[in-house]
Amino acid sequence: MSEARRRRRPEPAQVDQAPLPDSPAPAYDDAYEAPPREESRHTSPQYAPPAADNRTIIVNQVNVPAAEYGRESYFDGGLLSWIGWSILAVLLTMFTFGLGYPFAACMLYRWEARHTIINGRHLHFDGTGWQLIGKWIIWMLLTLITLGIYGFWLAIKLKQWRVKHTHFA
């Protein structure tokens with residue numbers, strides 16, 4: 001990164017040691033090497049979070065504590081498990097002529113949330129097919145009445161409902 005561009009960046013709000021008047025400001029654009037830690041099945045040393053310290057780094061022009069930025073996020077679901085749940089969801093939807101889709105979608109959302117870890121915290125999906133089926137029928141009727149035009153908003157409505165029912169465990 002060029003020296004002129006580095007100078008224009010705002011300095012972090014909190015730094016433990018203020019630079020001496022003759023020394024240059026700390027370069028937060030350089031890669032931070034974290035101390036090694038023991039490996040688990042989901043981590044490796046190159047993805048280890050930084051050591052807990054009071055430094056801050058700039059992420060998208062916002063000061064973020066360095067210890068929180070490097071937390072671990074991953075997805076631990078397996079391919080065979082996903083295929084099994086997907087086949088079950090398709091069968092449920094087909095045998096109920098589409099009325100079982102809300103239940104099938106909730107099964108898949110719950111599986112995905114159960115296997116997603118963000119910043120070291122699991123996700124939890126608490127929606128049920130019974131909560132979604134009323135909305136789903138209304139959305140389908142609106143799609144039929146508007147000759148498919150409401151279908152463009154259907155994906156957004158479904159995503160809003162899904163996010164509303166997804167929380168940290």
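**Entry 1: Strand 5 and its partners**

I looked up histidine 124 and found that histidine 167 in strand 6 stands opposite this residue. I noted that strand 6 covers residues 166–168 and runs antiparallel to strand 5, with three bridges joining the two. Helices (H or I, at least four residues) and strands (E, at least two) are DSSP runs, numbered from the N terminus.

I recorded the terms of the entries at once: this is a predicted model, in which local features need pLDDT of at least 70 and side-chain atom pairs count only at pLDDT 80 or more, while totals for chains, interfaces and linings use all residues. Residues are numbered from 1 along each chain as its sequence is written, and side-chain values use heavy atoms, with hydrogens and water left out.

I then turned to strand 4, residues 116–118, which pairs with strand 5 in the antiparallel sense over two bridges. Here isoleucine 117 is the residue opposite histidine 122 in strand 5. I saw that strand 4 and strand 5 form a hairpin with two residues between them. Asparagine 119, in the turn, has a positive phi of about 50°.

**Entry 2: Phenylalanine 125**

I located phenylalanine 125 in strand 5, which spans residues 121–125. Is phenylalanine 125 buried or exposed? I found a relative accessible area of 2%, so phenylalanine 125 is buried. The cut-offs are under 20% relative accessible area for buried, over 50% for exposed, and partly exposed in between (1.4 Å probe, protein chains only).

I listed the contacts of phenylalanine 125, leaving aside neighbours within four places in sequence: Cys106, Tyr109, Arg110, Ala113, Trp161, Arg162, His165 and Thr166. Contact means heavy atoms within 4.5 Å. I also noted that arginine 110 and phenylalanine 125 are 15 residues apart in sequence and 5.2 Å apart in space, C-alpha to C-alpha.

I next examined helix packing. Two packed helices are described by the angle between their axes and the distance between the axes. Axes are lines fitted to C-alpha atoms, for helices over the stretch in contact, and angles run from 0 to 180 degrees between N-to-C directions.

For helix 4 (residues 101–114) and helix 6 (residues 151–164), I found axes that come within 12 Å and cross at roughly 50°. The two helices are therefore oblique to each other. Angles under 35 degrees count as roughly parallel, over 145 as roughly antiparallel, 65 to 115 as roughly perpendicular and the rest as oblique.

I recorded the crossing of helix 4 and helix 6 as right-handed. A crossing is right-handed if the near helix is turned clockwise from the far one by less than a right angle, and left-handed if anticlockwise. Helix 4 contributes Tyr101, Cys106, Tyr109 and Glu112 to the contact, and helix 6 contributes Leu158, Trp161 and Arg162. I noted five nonpolar, no polar and two charged residues in this contact. Ala, Val, Leu, Ile, Met, Phe, Trp, Tyr, Cys and Pro count as nonpolar, Asp, Glu, Lys and Arg as charged, and the others, Gly among them, as polar.

**Entry 3: Helix 4 against helix 5**

I found that helix 5 (residues 129–145) packs against helix 4 at an angle of about 135°, with axes 8 Å apart. Helix 4 and helix 5 are therefore oblique to each other, and their crossing is right-handed. On the helix 4 side I listed Tyr101, Pro102, Phe103 and Cys106, which meet Gly129, Trp130, Leu132, Ile133 and Trp136 of helix 5. The residues of this contact are eight nonpolar, one polar and no charged.

I placed threonine 143 in helix 5. Threonine 143 counts as buried because its relative accessibility is 16%. Not counting residues up to four places away in sequence, I found threonine 143 touching Gly148, Ile149, Tyr150 and Gly151.

I checked leucine 147 in the loop between helix 5 and helix 6. Its phi is near 55°, a positive value in a residue other than glycine. At 79% relative accessibility, leucine 147 counts as exposed.

I also checked phenylalanine 97, in the loop between helix 3 (79–95) and helix 4. Phenylalanine 97 has a positive phi, near 55°, and counts as exposed at 79% relative accessibility.

**Entry 4: The whole chain**

Of its 169 residues, 26% are buried.

Definitions and conventions:
Two strands pair if DSSP finds at least two bridges between them.
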